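Q: Please take a close look at one part of this model, a single charged residue and its setting, and then relate that part to the rest of the chain.

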Amino acid sequence: YIQELQDGAPDQWQVTKQLLGINVFTYILAGLIAFFLGLNLILGPGWLGQSMGMEGTGSFTQISDSLPDSLDLSNSDFLLQ
């Protein structure tokens, strides 16, 4: 009787996939992630923003106006007490 139950039982991988909620959408999402990461490696960061015409994407040379040009870390506020 136990052997019949084991023979009719689903594969362990099928049970694991169902428990983790892995379905077709998961495979599509994993494929898209791999695709875009691959393009980032080939074309560099910011390629999508540049192709869409977004200004300032893909360049690490521009500094935000909200960041200071220099910061004096010898100030007493930054010293450990």
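A: Lysine 17 belongs to helix H2, which spans residues 12–20; helices here are DSSP runs of H or I of at least four residues, strands are runs of E of at least two, and both are numbered from the N terminus. The model is predicted, so local features need pLDDT of at least 70 and side-chain atom pairs count only at pLDDT 80 or more, whereas totals for chains, interfaces and linings use all residues. Residues are numbered from 1 along each chain as its sequence is written, and side-chain values use heavy atoms, with hydrogens and water left out.

Lysine 17 is buried but has no salt bridge. Buried means under 20% relative accessible area, exposed over 50%, and partly exposed in between, with a 1.4 Å probe and protein chains only. A salt bridge requires a side-chain nitrogen of Lys or Arg within 4 Å of a carboxyl oxygen of Asp or Glu. The nearest side chain of opposite charge to lysine 17 is aspartate 11, 8.4 Å away. Leaving aside residues up to four places away in sequence, lysine 17 touches Ile22 and Tyr27, contact being heavy atoms within 4.5 Å.

The surface carries a nonpolar patch made of Val24, Ile28, Leu32, Phe35, Phe36, Leu48, Met52 and Met54, with about 790 Å² of accessible area together. Such a patch joins nonpolar side chains (Val, Leu, Ile, Met, Phe, Trp, Tyr) within 5 Å, from residues with over 30% relative accessible area and no salt bridge. Accessible areas come from the Shrake-Rupley method with a 1.4 Å probe, and for residues only the protein chains shown count as cover. Helix H3, residues 24–43, gives the most to this patch, with five residues. Isoleucine 28 lies in helix H3 and is partly exposed, with a relative accessible area of 48%.

The protein chain as a whole has four helices and zero strands. Of its 81 residues, 6% count as buried. Its mean pLDDT is 83, pLDDT being the predictor's confidence in each residue, from 0 to 100.

Terms used
Lys and Arg count as positive and Asp and Glu as negative; His and the chain ends are not counted. Patches are made of residues with over 30% relative accessible area and no salt bridge: like charges are joined within 9 Å, nonpolar side chains (Val, Leu, Ile, Met, Phe, Trp, Tyr) within 5 Å.
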